[in-house]
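Subject: Structure handover

Hello,

Please find the structure below. My notes on the fold follow it.

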Amino acid sequence: MTAVDDTLNQLITLSQHLGDPANDYVILGEGNTSARADDQSFWVKASGAALRSSSRDSFVRVRFDPVLEMLNGPELSDEEIRRRLAAAKADPAEPGHPSVETAFHAACLQLPGVRFIGHTHPTAVNMLTCSNAFEAMVQGRLFPDHVVMCGPASVLVPYTDPGLPLARAICQQVQAFVDTHGEAPKTIFLQNHGLIVLGATAQQVEKITAMTVKAARILHGTFAFGGPRFMSAGAVERIHTRPDEHYRQQVIDTE
Ligand SMILES: [Zn+2]
């Protein structure tokens, strides 16, 4: 099996797991996933495909350059975006149309260490992204493993029209995060929309998504007992930088 086939197989498995109804991360055609195929191209979910029943036909291979050009260029009509996305397919004869969210996948797959992306709409997470307390709730860290798996902080994106405008807003907030923290984020929360997880491997994306949803559920529960008591900034920094936690993160990543 070639490395590219292996990547696609891992992406299919990741997508099926993220789409498992037992997880309550997505229903119907919600969510999308992607993986870097090589320096020139990536796989992204085709429009309309359901994550839970992902197969080889659920993904289209798309070239980075035309999508990144679109992202950095002028405003485009919906029809023009659709036409350009179709033209960006590595093999124009291949069936399937790249998801409308292809642009943010292309941009985030450029970040150092990011090879797989999972975008979902978990009910537990959207209880927070759709709330008045969105910013305060998703930025806090609740317990050490939350920091180990999800990093010291998250990217927050105010509500933006899906498609190119959303991709541009995501790029802006991600760049601000990289400038502040000196590393790529692991979790991006979209107001009134959902979650994006960035990972070096398919397993990482799955585990970070699971830990984010667990933290969201714990957060909901804290309101029965007076509300959340987030870890202090000092405690978060300590966990994020201590050597034995790095070791533990490696262990978690390879389990
Ligand atoms: Zn979405």
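What radius of gyration does the protein chain have, and what would a compact globule of 255 residues have? The chain has 18 Å and the globule would be near 18 Å, so the two agree; the radius is taken over C-alpha atoms, and the globule rule is 2.2 Å times the number of residues to the power 0.38.

This is a predicted model: local features need pLDDT of at least 70, side-chain atom pairs count only at pLDDT 80 or more, and totals for chains, interfaces and linings use all residues. Residues are numbered from 1 along each chain as its sequence is written.

The protein chain holds eleven helices and seven strands (DSSP runs numbered from the N terminus; helices are H or I of at least four residues, strands E of at least two).

Seven strands form an open sheet with mixed pairing, in the order β3-β2-β1-β4-β7-β6-β5 (strands pair if DSSP finds at least two bridges between them). β3 (59-63) and β5 (155-157) are the edges; each has a single partner strand, so one side of each lacks a neighbour in the sheet. β1 (residues 32-36) and β2 (residues 41-45) run antiparallel, joined by three bridges, and Ala35 stands opposite Trp43 in β2.

Helix α9 (residues 202-222) has 21 residues, which should span 30 Å at 1.5 Å a residue; its end C-alpha atoms are 31 Å apart, which agrees (the expected span is 1.5 Å times one less than the number of residues). Among the buried residues of α9 are Val205, Ile208, Thr212 and Leu219 (buried: 20 or more other C-beta atoms within 10 Å of the residue's own, with C-beta atoms placed from the backbone).

Regards

Definitions and conventions:
A residue is buried if 20 or more other C-beta atoms lie within 10 Å of its own, exposed if 12 or fewer, and partly exposed in between; C-beta atoms are placed from the backbone.
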